Amino acid sequence: MPSAPANETNDSARTANRVMALLALAALINYVDRGNLSIAAPMLEDELGLSARQLGILLSSFFWTYTLFLPVSGWLADRFDVKWVMACGFLLWSGATAATGGLHAFAALLAARLILGVGETVAYPCYARALVRHVPEVGRGFANALIAAGVGCGPALGTFFGGNLMARYGWRPFFVVLGVLSMAWLIPWLAWMPRGETAVSHVQKSRVGFFELLEQRSMWGTCGGLFGANYVLYFEITWLPFYLVRERHFSMGTMAKIGGIGYLCYSAAAVVFGWISDRWIAAGGTPTAVRKTFAGAGAGSAGVLLLGCALASPKISVLLLLLAFAAGGMCGSNIWAITQTLAGPKMAGRWAGVQNFFGNFAGIIAPAVTGFVVDYTGRFFLAFVIMAVVAMLAAISYIFVIGPVQEVVWEPLGH
C-alpha cells in the first residue's frame, strides 16, 4: 500500500529527531560535568586545604582516563548495541559527578575524576555510531551542529548558573543534585532509542581492526584536524578567564559575561553553519567540498582571529574573540560529520574513538604549553602565536590530508 512507505519515512524522521535531541542534551550535560570542578576549585581549595599542585592534578586527571579509554569505548560502540553502551557510560559519569559531592579526601576526589573520564569516553563514539545509523548525509551537518551547540552551552551554563548556585548553596549540593538529575536523561533514551541494525548505509560486515583503520590517510587527517580544533577550545576553556582578567584587566563579572557570550556564539554558529552545510549538499554540493570548506575555514580563522585578539585594543579584542568562538562553531558543526561519512555504520565507533584519542591530547598539551610560555615570557602573546599555528595546521589537515569525504570501502568478511 502507498501509505506504508510514508509511515516508515515519518517514523524514521521522528526517530532521527529524537536521537539528535537526546544526543545534543547529552553533550550539554557532558561538558557541564567535565567543567564543574574548575568552577568549584576555589571552594575546594578553601574547604579541603588543597594545594595548587593538587588542584592541577584533579583538573587534568579527567583527561588521563578519558584519552586512554577512548579506543576501548569506540570498539564497544561498534561491537555492542549503542543504546546500552551509551546508557552504561552515562550512568557511570553521572554517578561519579553525584558521588563527588560527598567526598572529603584528595585520593577519593581523584578516583571520582578518573571514573568520570572513563564514563564520558562513550559519548563521541556513540554519537557517531547513532548518527551514522539513523541520520542521512544531508542531515548530519545539522545533527552534529546540535551536539556542538551542546558542547558550547555546557560551559556557558556551567559558568553562568553553576557558579551562582555554588555560591548560594555550596559546591557539594550542586554536584549531588546535578549528578542525580542528569540520570533522568536515561528515561527517554531507553524509551526512544531504537535497537537493531536499521541504518541509512548498507555496507557489509567488516573484519577491519584498528591497524587497518590506522592505514587510512583520512584517519590521520581527521586526527590532526581535531587536535588543532581542540587545542583552540581547551585554551579557551582553561586559560581564557585568566587572560581576560590578568592581561586585559577585565573584572571577574565582565570576564564571566564575555566567556559565557563567547560559548553561546559558538553554539549559535554551529547550528547556523550546520544547517547551511546540509542545505548546500541538498542543493548539489558534494560532502567533500562542503564539509572540508566549513571545517578548514572554521579551524583556520579561529586561530587567526584569536591572534588578532592578542594584538588589538581591548574593545576590538572582545569582538575578535567572539568571532573566534563563532568560527570554532563553524568548524565544530562539520568535523564529526566528516568522520561519520568516512567510517560508515560499521566503523563509526572505532574511528571516532581513535580520532578522539589523538585529538584529546590537546587537552593535556595546550594548557601545559600555555602555562609554560606565560611563565617564561610573562605575556600571552607567544601562546596565541603557537595556537594560531596549530589552528592553521588543523585547517591544512582538513583540506589537504583528508581524502574524498565518502564511505571507505572496508574489506568484507570472507575476503
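**View 1. Lining of the second largest cavity.** Helices α1, α3 and α4 (106–120) each supply at least two residues of the lining of the second largest cavity in this predicted model. The largest share, 3 residues, comes from α4. Helices are DSSP runs (H or I, at least four residues) numbered from the N terminus. A cavity is a set of points on a 1 Å grid over the protein atoms alone where a 1.4 Å probe fits but cannot get out, and lining residues have an atom within 4 Å of a point. The second largest cavity has a volume of about 40 Å³, volume being the space filled by probe spheres set on the points, which are joined across faces, edges and corners. Its lining consists of D33, N36, T97, T100, A112, R113, L116 and F175.

This is a predicted model, in which local features need pLDDT of at least 70 and side-chain atom pairs count only at pLDDT 80 or more, while totals for chains, interfaces and linings use all residues. Residues are numbered from 1 along each chain as its sequence is written, and side-chain values use heavy atoms, with hydrogens and water left out.

**View 2. Packing of α3 against α7.** Helix α3 (residues 82–100) and helix α7 (residues 171–182) pack at an angle of about 160 degrees, with their axes 6 Å apart. Axes are lines fitted to C-alpha atoms over the stretch in contact, and angles run from 0 to 180 degrees between N-to-C directions. The two helices α3 and α7 are therefore roughly antiparallel (angles over 145 degrees). On the α3 side the contact (heavy atoms within 4.5 Å) is made by F90, S94, T97, A98 and T100, and on the α7 side residues including W171, F175 and V180 take part.

**View 3. The largest cavity.** About 320 Å³ of space lies in the largest cavity. Of the 29 residues that line this cavity, A229, N230, L233, Y266 and I335 are the closest to its centre. Helix α10 gives the most to the lining of the largest cavity, with 8 residues.

**View 4. The largest pocket.** The largest pocket holds about 1700 Å³ of space. A pocket is an open set of grid points with protein on both sides within 12 Å along at least five of seven lines. Its lining has 47 residues, with S38, L59, I237, T238 and P241 nearest the centre. Helix α10 (217–247) is one of the helices that supply at least two residues of this lining, and α10 gives the most, with 11 residues.

Key: Parallel < 35°, antiparallel > 145°, perpendicular 65-115°, else oblique.
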